[in-house]
Amino acid sequence: MLGYMRTTGSREIYRNPWIRLREDTVERADGSTGVYSVVEKPHFALVLAAERDGFWLVEQFRHPVGRRAWEFPQGTWSAEALTAGSGGGPEELARAELAEETGLRAARWEHLGHLDLAPGLSTQEFDVWLATDLTPGPTAREATEADMVAAFVTEAELRAMVADGRFTDGPSLAAYALLLLSRAP
């Protein structure tokens with residue numbers, strides 16, 4: 001079978017409430033062996049909150065890249081909710097993230113797709129949602145999101161941000177591509 005890889009052993013390298021790193025010993029289809037590192041993270045939701053020919057974005061400091069970044073609202077259940085098993089399904093997560101980060105609530109939800117974040121590195125996947133018929137309300141940001149700001153941009157402004165490198169979040173760009181495909185004839 002082409003592309004087959006069998007795990008012959010696995011050990012945990014690191015764990016915290018948000019991430020687990022494991023190292024797998026593998027045997028490839030040709031019989032050769034090797035080591036494969038896998039990052040395990042919980043699945044997340046990403047929301048395109050759309051109205052008035054544009055979208056609501058959030059911007060926050062992203063420590064791994066050392067700068068502020070614009071993206072569509074996205075996230076996963078808190079570590080406490082995951083540990084307690086008190087999260088919910090993909091749509092409930094999308095609703096919670098949109099309200100938490102922007103204060104917006106949506107009357108209409110459309111599931112645009114389910115994507116792998118980085119299948120060569122991580123188990124993490126995400127669902128993409130289009131939220132419309134928006135109503136403002138209070139935010140409920142986590143401490144790690146204290147510096148977050150939300151802003152409305154027109155679709156033309158979003159395209160300009162992509163073109164000039166101000167909007168570089170991979171999952172957000174993949175989500176926007178799903179939206180564009182959903183609009184195609």
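Predicted model: local features only at pLDDT ≥ 70, side-chain atom pairs only at ≥ 80, totals over all residues.
1. The domain assignment places domain 1 at residues 6-40 and domain 2 at residues 44-183. Between the C-alpha centres of domain 1 and domain 2 the distance is 30 Å.

2. Next, the area these domains share. Domain 1 and domain 2 together bury about 590 Å² between them, and 61% of that area is on carbon and sulfur atoms.

3. Which kinds of polar link join the domains? Four residue pairs are in polar contact between domain 1 and domain 2, both residues of each pair being at pLDDT 80 or more. The count of salt bridges between domain 1 and domain 2, on the other hand, is zero.

4. Salt bridges do occur in the structure, which holds 15 of them. One of them joins R11 and E23, whose closest N and O atoms are 3.1 Å apart. R11 lies in strand β1 (residues 5-15) and E23 lies in strand β2 (residues 20-28), so this pair ties together parts that are twelve residues apart in sequence.

5. Searching the whole structure turns up six aromatic pairs. Among them is the pair of F55 and Y176: the ring centres are 6.0 Å apart and the planes stand at 85°, so the pair is edge-to-face. Planes over 60 degrees apart count as edge-to-face. Because F55 sits in strand β5 (residues 54-62) and Y176 in helix α4 (residues 170-183), the pair ties together parts that are 121 residues apart in sequence.

6. How many helices and strands does the protein have? Its secondary structure comes to four helices and ten strands. Read from the N terminus on, the elements run β-β-β-β-β-β-β-α-α-β-β-β-α-α. As for the extent of the protein, the C-alpha trace spans about 55 × 40 × 30 Å along its principal axes.

Note on methods
Residues numbered from 1 in each chain as written. Heavy atoms only, no water. Domains from an automatic or database assignment. Buried area = accessible area lost by both parts, 1.4 Å probe. Salt bridge = Lys/Arg side-chain N within 4 Å of Asp/Glu carboxyl O. Polar contact = N/O pair within 3.5 Å; in protein donor to acceptor, adjacent residues only side chain to side chain. Phe/Tyr/Trp six-rings, centres within 6.5 Å; stacked < 30°, edge-to-face > 60°. Helix = DSSP H or I, 4+ residues; strand = E, 2+ residues; numbered from the N terminus.
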